[in-house]
Amino acid sequence: MDQAVLQTLTDTLSTDANTRIAAELQLKRLQTEAEYSISLSKLALTTECGTAQRHSAAVLLKSYIDLQWSVKSPKFRGPEPPAEAKAITRATIIRGLSDPISRIRVSCVGLSYMCRVMLYTESSPDLNLGHLPAYVVSKIAHLDWPDSWPELLDTLVHHLKSGSADEVHGTMRVLSEFVSKDITHVQMPSIAPVLFPELLRILTSEQLYSHATRSRCVMIFRHAVEMLYTIKEEHPDIINTYLRPIIKQWSDVFMAILNKWTPGNPETEVVEWGLKTEILKCINLTMQGFPKFMTPYLLPALSAVWQDMVYLRPRFLKENVAFNPDSSAYGIQDSDGDSIGFESYLNVQFEFFQAACHRRKLTQTVFLGVDGKSGILLELVYNLLSFIQMTDDQAELWDSDPNQFIADEEDESCSFNVRIAAQDLFQTLVGYYEDGTMTALGQCIMQEATLSLNEKAKGNRNWWRPLESCLVTVGLVSDILCDDFNSKKVSSIDVGTLFDHIVLANLSSHDFPFLQGRCFIFASQFAQILPSKLAAQYVSAAVEAIFKAPSPVVKVSSLKALNNFTQYMDKKYIAPFQRSIIQGVAPLIEITTEETLSLIFRTLILTSKIDERVTGEYESILGPLVLEAWAKYPAENSTSGDIMDFFDILAGNPFVHASLNERALPTLVQIIAIENPNRPMVSSAIDLLRSLIVGCPTSLPDGYVARFYPHLMSVLLNTEDRDILQRGQECLKALIQKDVGQVAGWRDAASGKTGLELLLMFIAKLLNPSQTESAALHVGGLISKLIRRGGDLDSSIIPGLLNAITARLVDAKLPSFIQPLIIVFAQLCLNQHEVVINFLSGIDINGRNGLEIVLSTWLTNHLDFQGHYYQKVSAVALTKVFMSEDPRVGAVQVRGDPIVSESTRVTTRSKAKMTPNQYKATTVPVKIIKLLSIDLTNKVEEEDAGTESSDFEGGDDEDDEVDYPAEGGSGTNTSRPNANKGGSDKYAHLSDLLDGADEEGDEDESDPDILSDPIYQLDIRLFLVEFFRQCIQQNSRAFVQCVTELSEVEKRTLQSLLEN
């Protein structure tokens, strides 16, 4: 079998096509043989055949494991080899861990490994072959351990104890994958006592093992710590059993390694950085998950890392910023293919410093000194300014691709490098030590500016880099400086001097485009406080740069500046340049890529709002521009949102709408076709159609509906695409709002159906139980709009619609689907609650009364309704239902309070699924009083929340020393909402996100019908208080009965609310 496989592999490499084809067919037959994997493993490891054949065997073995080794593989196709063949293959391949070539490793496991195999084959033919055993063992272990390969761990530990350095290296690579992917807390008790001592022994044996092997030890330990961190809440005992006893030993070794330097030997220094990088990653994780364990080691580690950072600064400047061709920038790959070098080490150092800031009680004296002045903060900021400097590689990349410059410099950039990491650390320092950091920055800027000008005088071509770094860094705190200016607070940074001596002086420095471009961006970051004379001057200069600057970097920097100017500057300073901005920015679309396109459209959006009449003059430019961009970038593209927003702006402009409509509508109608296979494009076209409808200044022109309605309804009635159906509902809602009469008056020539009949067919499709709730998400809003705007047109169809809604509510599950359906009834109840009650009482849906279906669903979901307007509508409607005192309402039983189990036994998740929560039954009036009482409580708490603040205690639950910044510097506690990225600000940002979620729920509150509804302006708190007081004054039997069924807590709460 071995010889047959070898010969076949040789034939697959033949130059003769017929021979290759025959060999490939033969391989397919050999794959079904039981000994195929054995032969491949032997051939891959043997040194007695050619490299090409060994490489082919390696590739085929990898594929075989994926496709045939085990049914557990997600790619399994079969047939699976017998157990005996598997056992021999495993024994063969694990012996390969001791292959001398295995010390030359290239990559990690998985597909990236095979990509690198192909990459390195020609230049280093043995590279991939030595790496194969560890890769294959890891792959098989993932599928077979522990069931089919129980002895694997013992074998690997044996290799660690008695193997050669090469064998240990290969074993370490297997273990790193093994621990990170396959070990759970279940296996930890049997693995930790055996594995961790061996790892520690290898880590401390620097004379026996390479830095890469020792780095793997730390990596494996980190994976174990990470796993323990994820389960510490569920299994707290495991931490004390397996981590606490060994953390001191490991930490002591970590400190010893961090404090070791080998200056004068660049190659040794680089591999030392790789090991230190892994150690700091582990320390950072442990500080996050188990801060108390690291408390004794934090200050020693901080001292060691600080010394390394200071040492690396001049080297970073020499080798990366001002590259000297006579020097060598040591950044290499280790024997496993991982990139190591001081840049990787710097990034993790910055992360460690950020973690140290969180332990403010321990580290404050290090940063500030005992006297508040003698700490490392000044020198740390000085170092960070150096690391923020633009490297040669970045300058070369950005000069050749300015679009990438914009992408990398965006706040939401996915890029990560030393420049960005240093900025993140600086912002963390501001968050924790604002006053001290700002003072240090002011001093450093003066020093750097003086140095830069001296270097310029000497003819140093890199003189501009420190200045650019200073402007970047000051720009990070522009919000703080603007606040200081507006509050008349004296700042330690003289922004005026920066403008006078750096910004203005270099605004025309065409020979240094990155500094020139940064000056534009910097000026725009202070747009809100620029003096009126300077404001117009900077806007004019930015516009001129768009037209005339020779460097594309300056053009895109000016574009970014204009975006800031139009966003933050008083519009009276921008208005004189509106025409120039549109003329200059619009053509940039032809030379930009996706990264800059979004910035262009954001700038045009803001500019187009300044004066709609001026924007109307450029429809012939802007209309084709937005349509071409929309056609080029699909709906799911990240830029499409900005394109759609710009189209909305143009469509809503009365001086643009008519021309844009005639330009866009024929194209959209052509795309909205059932035979169009590009479903995202169809969905997006319906969105644009909706924008044209909404943007129409008055009711729709005669014949407008006939131009698109047949195409739109043909698609909506025949598609099952969720996005198209959702967009269609929103489009039809806008159409009904704008001109329901034209819809009703249109008739399809082929079928004879009216527009209203087709609309009802679509609604019926959406309410069909076979339709997914997510696809029909907006059908309730569509029906509400039809009822509200239809007038006499829909009086005959309302009963059928309400009947269909009631039937659909029987099995409805999704709250966002249920809410708009219930709102249909709630809005009707506002003025016709008796009619609604009578109607629902007469409905029978499979033996269930319609009134019971609607009220039960309504009261179950009321507290989950989103959007302030809809919450008010629901609450007011419920008061109407309650005040009716209709006995049919009082007879309906709904879900009440949950039944609390008296059992003291812990309920597991599986048991909870088998025994779901049970609830008491209660009547509708009692439930309404309970819900409205909760509404009133929530409203009171909302209004009082603005005067209260909540504290968040971060870090480990067993530690009270993790501090988040009280902004205002070293000792003050002055609130500052933009104190950057440290601590509590991220939770403030989370709050902003949650607020945004609420605004999403209020999305329909731009609807003119909603804005004109008195309920929109209703103070629901006062309304509910008056409602309860009225109930008390009337002393109605229904209310008295409901109150008696409230819990004592609920009674006291209600009484307290009414008294206040």
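I started with helix H31 (residues 594-608) and helix H34 (residues 640-651), which pack at an angle of about 20° with their axes 9 Å apart. Helices here are DSSP runs of H or I with at least four residues, numbered from the N terminus, while strands are runs of E with at least two. The axes are lines fitted to C-alpha atoms, for helices over the stretch in contact, and the angles run from 0 to 180 degrees between N-to-C directions.

I noted that this is a predicted model, where local features need pLDDT of at least 70 and side-chain atom pairs count only at pLDDT 80 or more, while totals for chains, interfaces and linings use all residues. Residues are numbered from 1 along each chain as its sequence is written, and side-chain values use heavy atoms, with hydrogens and water left out.

**Back to the first pair**

I then looked up who touches whom, with contact meaning heavy atoms within 4.5 Å. H31 brings Leu-597, Ser-598, Phe-601, Arg-602, Leu-604, Ile-605 and Ser-608, and H34 answers with Asp-642, Ile-643, Asp-645, Phe-646 and Ile-649. By class I have seven nonpolar, two polar and three charged residues in this contact. Ala, Val, Leu, Ile, Met, Phe, Trp, Tyr, Cys and Pro count as nonpolar, Asp, Glu, Lys and Arg as charged, and the others, Gly among them, as polar.

**A second pair**

Next I turned to helix H42 (residues 815-841) and helix H43 (residues 850-861), whose axes come within 10 Å and cross at roughly 130°. H42 and H43 are therefore oblique to each other. Their contact includes Phe-825 and Cys-829 of H42 as well as Leu-851 and Trp-858 of H43.

**A salt bridge**

How many salt bridges does the structure hold? I found 35, each a side-chain nitrogen of Lys or Arg within 4 Å of a carboxyl oxygen of Asp or Glu. One of them joins Glu-319 and Arg-315 at 3.0 Å, N to O. These two are separated by about one helical turn, because they sit four residues apart in helix H15 (residues 291-321).

The peptide bond from Gly-78 to Pro-79 is cis, with omega near 0°, and Pro-79 is in the loop between helix H4 (51-69) and helix H5 (83-95). I also found a cis bond from Trp-145 to Pro-146. Lys-488 is not a glycine, yet has a positive phi of about 65°.

Terms used
Parallel < 35°, antiparallel > 145°, perpendicular 65-115°, else oblique.
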